[in-house]
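Hi everyone, thanks for coming. I'd like to walk you through a structure today, so please have a look at it while I talk.

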Amino acid sequence: MDLEPLNIDNEVMEFAIASGEEDNDNGLDLEHNDEYEGYNGEMAENPSSAARDSLVLNGDPNLEPSERMEFDSEQAARIFYNSYARRIGFSTRVSVYQRSRRDGSIICRQIVCSREGFRREGGENRSKRQRTVTRVGCKAQMTVKKQNSGKWAVTKLVKEHNHELVPPDKVHCLRSHRHVSGPARSLIDTLQAAGMGPSGVMSVLIKESGGINNVGFTKVDCQNYMSSSRQRTLGSGGQHIFDYLKRMQGDDPGFFCAVQGDSENPTGNIFWADGNSRMNYQFFGDTVTFDTAYRTNRYRVPFAPFTGWNHHGQPVLFGCALLLNESESSFVWLFQTWLAAMSGHHPISITTDQDRIIRAAVAQVFPGTRHRFCKWNVLREAQEKLFHVNQSHLTFESEFQRCINLTETIDEFESCWESLLQKYNLMDSEWLQSMYNVRQQWVPVYLRDTFFGEMSITQGSDSINSFFDGYINASTSIQVLIKQYEKATASRYEKEVKADYDTINTAPVLKTPSPMEKQAANLYTRIIFTQFQEELVETLANPATIIDDGGSEALYRVAKFGEDHKAHFIKFNVFERKASCSCQMFEFSGIICRHILAVFRVTNVLTLPSHYILKRWTRNAKSGVIVDEHTLGLPGSSQESLTARYENLRREAIKYVEEGAASAHIYNVAMDALHEAAKRVYAAKKEVSRITPSTLVKECQLQSNSVELDKKIEELTADLENASQRCEAYRATLLSVLKDMEEAKLRITVKVHNTRLNLKG
């Protein structure tokens, strides 16, 4: 069912269901469609960030909705209202909305009680089967509207219901509060593959969850899932996927794909990675996220990307998978296939959800990689498993999150956890014990010693890094998946190019006279420099005090003014200029912390030592080739390697221009070298044009790329011309500055001479 209304040209598209009947033809009343029920359904465009927003807003587990309450996104509002509904005892669904003419985005959304409206009276074509009456005209609802600030505010709220509410021990039966979660799917697939039936599977799930109330769905849901899994295929949309894979294999020599089972009738998973994804992994593959948001947000397409962070802190893609089977053997196959596509280079760290099946597969394929669970998924599961605790104790959830996020040492966390269990009498909670047993894989204080490429330790894994936010969501079908995939990759590339441009062509505002700040401004990309600059400025409020001078290694104490109880300790090797801080920010994010920088201030370390500059965060992160083309499976004359060479030349040319304009003398040397290089490029171009037809027949790849090569050479020549023009502009500016300096010097000399004459007189 297509939920998108026709795009009619009026200022604001407004759709209202006057009667609230179930079978309205516009398809906006969604009670009868499981797929779009409540927040598990149309989890639209940013599930991960929306869910994170909801958790932040739910720091108080009993927060009541109110008019003018604000949310960061529409999805955050929907998740919050559904969480409130679970606590109160009713089910929700999305209802009417308004769409803007300017960009087609939704600007107003109504979320209602599932018992809102009435069923339509039966007609001639209606089924004669008697259906349970679920619509009773309940008026309870929350309407949110997008503000100019980008926030979503509650503009209408009705809390009163005209029906009885469901008690806490039965709320899991309501449709918006039940779905087969990702971990449950994996367990069901594994048990089903072993020959177990629905009753047996449900018994295992009840035991694993600590009771039927904690399973999150009913036996009927389990039966439906098991029935659908037997015939789970790509359906009619599968041809779109295979057409894309076939086309890309012809267009992109670096393209890699694999199908588990027969490509005509796949029984397992499908994986692919284009040449850019594989090349990006060579530069930014130190930390990886395996995003399975489709499992918790009920996507129509089981789409799971591998992503990371580029040198601007933007999501970058390392490959994608369609998961038609979620057994352990299928995940093992997927991880092994992905690793082969990435030339066998293991990442330093990987982030996934905490599913036991995925956990086992990661341990098998990535034995030396640090495995982290997405913290948001853990907190989301905590809301389900500890629902009865939240109901009984109003402050438990906020204290629970404070214990996880705000403890700064392992001892502090252990003490806080122990007191929390005792205070709320949770010593016998099996789920809490199981999560405590794996605390090294999700509690931030245990993860600080490993690189995850995130700016903040405490918010690090609040949500899975989603490359496809805004493009692939719960309503995306298999037919439009590839189109949205290509839109997302093109958009991400444009954003990276824009960030590259801003880094090269806009100078940051320096806030201190420190030569280290100037050095960092020339090294880092703009966003990373901003993070470094913040740490550097904070050293003014964080003095370092030496507490033990042991010769070659000294111990310093750094604390913010007025916060002596939050001191950090730094070991500093004077001769090697190496320091280690108890906050471990550098180990976790690759950016040096304010505490070490404070020690550098008092020890006269004026510039950043090279071992504190991670190339992956610099403006030259993608310069140079880490592995050869054969390792990636890219032929030497392929389009992919040509593009890589072009990118390297472009970056080197820009750097050459900046360095060449430093002074008049360096400029003259640079111009001479540039003219000589232009002559050699022209000579090489003429030599290429003299290749005989017989040679072209023998070298078919060179033949297919010769036109493209000429085009790239012309572009490079144009770049050189542009560089020459920029050098001329720099030269003119320098000469003007030198002329002004000479004139100023002459004026000062005259004034000095006149002053001396006056003194003598």
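**A walk through the model**

You'll find Gln-584 in the loop between β17 (578-581) and α20 (585-589). Helices here are DSSP runs of H or I with at least four residues, strands are runs of E with at least two, and both are numbered from the N terminus.

Before going on, where do these values come from? This is a predicted model, where local features need pLDDT of at least 70 and side-chain atom pairs count only at pLDDT 80 or more, while totals for chains, interfaces and linings use all residues. Residues are numbered from 1 along each chain as its sequence is written, and side-chain values use heavy atoms, with hydrogens and water left out.

Back to Gln-584, with its backbone this time. Its phi is near 60 degrees, a positive value in a residue other than glycine. Most residues other than glycine have a negative phi. Arg-68 isn't a glycine either, and has a positive phi of about 75 degrees. Arg-68 is in the loop between α1 (47-57) and β2 (70-71), and at 69% relative accessibility Arg-68 counts as exposed.

Another loop residue to look at is Glu-164, between β6 (152-158) and α3 (182-193). Is Glu-164 buried or exposed? Exposed, with a relative accessible area of 74%. The C-alpha atoms of Glu-164 and Gly-89 are separated by 8.8 Å, and these two residues are 75 apart along the chain.

Now let's zoom out. The chain has 761 residues, and 49% of them count as buried. Its secondary structure comes to 26 helices and 17 strands. Take the contacts (heavy atoms within 4.5 Å) between residues at least 6 apart in sequence: 65% of those join residues at least 24 apart.

Next up, the inside. A nonpolar core is a set of buried Ala, Val, Leu, Ile, Met, Phe, Trp, Tyr and Cys residues joined through side-chain atoms within 4.5 Å. How many residues does the largest one have? It has 56, and the residues with the most contacts inside it are Trp-272, Phe-303, Phe-335 and Trp-338. Helix α9 (residues 328-341) gives the largest share of this core, eight residues. There's also a second, separate core of 32 residues, which includes Ala-544, Ala-579, Ile-591 and Val-605. As for Phe-303, leaving out residues up to four places away in sequence, its partners include Trp-272, Tyr-294, Phe-468 and Tyr-485.

On to the rings. Rings of Phe, Tyr and Trp (its six-membered ring) pair if their centres lie within 6.5 Å; planes under 30 degrees apart are stacked, over 60 edge-to-face, and the rest tilted. The structure holds 37 aromatic pairs. In one of them, Tyr-81 and Phe-90, the ring centres are 5.9 Å apart and the planes at 65 degrees, so that pair is edge-to-face. Tyr-81 is buried at 1% relative accessible area, and Phe-90 is buried at 2%.

Then there's Phe-306 and Trp-338: centres 4.9 Å apart, planes at 10 degrees, so this pair is stacked. Phe-306 lies in strand β10 (residues 303-309) and Trp-338 in helix α9, so the pair ties together parts that are 32 residues apart in sequence. Phe-306 is buried with a relative accessible area of 0%, and Trp-338 is buried, with 0% as well. Ring pairs link both into a cluster that also includes Phe-256, Phe-271 and Tyr-281.

Last stop, a helix. Helix α6 (residues 238-251) has 14 residues and reaches 20 Å from its first C-alpha to its last, close to the 20 Å expected at 1.5 Å a residue. That expected span is 1.5 Å times one less than the number of residues. Which residues of α6 are buried? They are Gly-238, Ile-241, Phe-242, Tyr-244, Leu-245 and Met-248. These cover an arc of only 155 degrees around the axis, which puts them on the same side of α6; the arc is that of the directions from the helix axis to the C-beta atoms. The face turned away from that buried side carries the exposed residues Lys-246, Gly-250 and Asp-251.

Note on methods:
Buried means under 20% relative accessible area, exposed over 50%, partly exposed in between (1.4 Å probe, protein chains only).
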